Amino acid sequence: EKTVVLQRVGGGVFETVNCAYCEKNTNHRCLIEFPNSKLVDSETKKEICGKPYCNICKLEWGVEGGKNRCKEHVGQEDV
């Protein structure tokens with residue numbers, strides 16, 4: 001499987017894609033470090049989960065602000 005570099009654009013945000021949960025446009029990605037994910041943050045050069053999510057879905061999970069995490073990683077810290 002090929003490594004994909006997730007490009008950041010102006011303001012440090014990622015290119016716009018569809019939310020993995022609701023299909024709305026978003027530029028948020030789960031930033032938890034995730035070895036062997038094959039998704040690399042172009043800014044930090046680290047492998048991350050990279051799953052796209054929108055702020056509307058994040059609010060539905062009961063999370064406001066905080067770290068950039070998808071629903072599966074919302075309460076987790078990098079190890």
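Predicted model: local features only at pLDDT ≥ 70, side-chain atom pairs only at ≥ 80, totals over all residues.
**Exercise 1.** Take the salt bridge between the side chains of Arg 8 and Asp 41: which parts of the chain does the pair tie together?

*Solution.* Begin with the contact: the N to O distance is 2.6 Å, and a salt bridge needs a side-chain nitrogen of Lys or Arg within 4 Å of a carboxyl oxygen of Asp or Glu. Arg 8 lies in the loop between β1 (4-6) and β2, and Asp 41 in strand β4 (residues 39-41), so the pair ties together parts 33 residues apart in sequence. Strands here are DSSP runs of E with at least two residues, helices runs of H or I with at least four, numbered from the N terminus.

A word on the model before going on. Residues are numbered from 1 along each chain as its sequence is written, and side-chain values use heavy atoms, leaving out hydrogens and water.

**Exercise 2.** How are the planes of Tyr 21 and Trp 61 arranged in their aromatic pair?

*Solution.* Recall the rule: rings of Phe, Tyr and Trp (its six-membered ring) pair if their centres lie within 6.5 Å; planes under 30 degrees apart are stacked, over 60 edge-to-face, the rest tilted. Now apply it: the centres are 5.1 Å apart and the planes 80 degrees, hence edge-to-face. Tyr 53 and Trp 61 also pair, tilted, at 6.1 Å and 50 degrees. Finally, Tyr 21, Tyr 53 and Trp 61 form one aromatic cluster.
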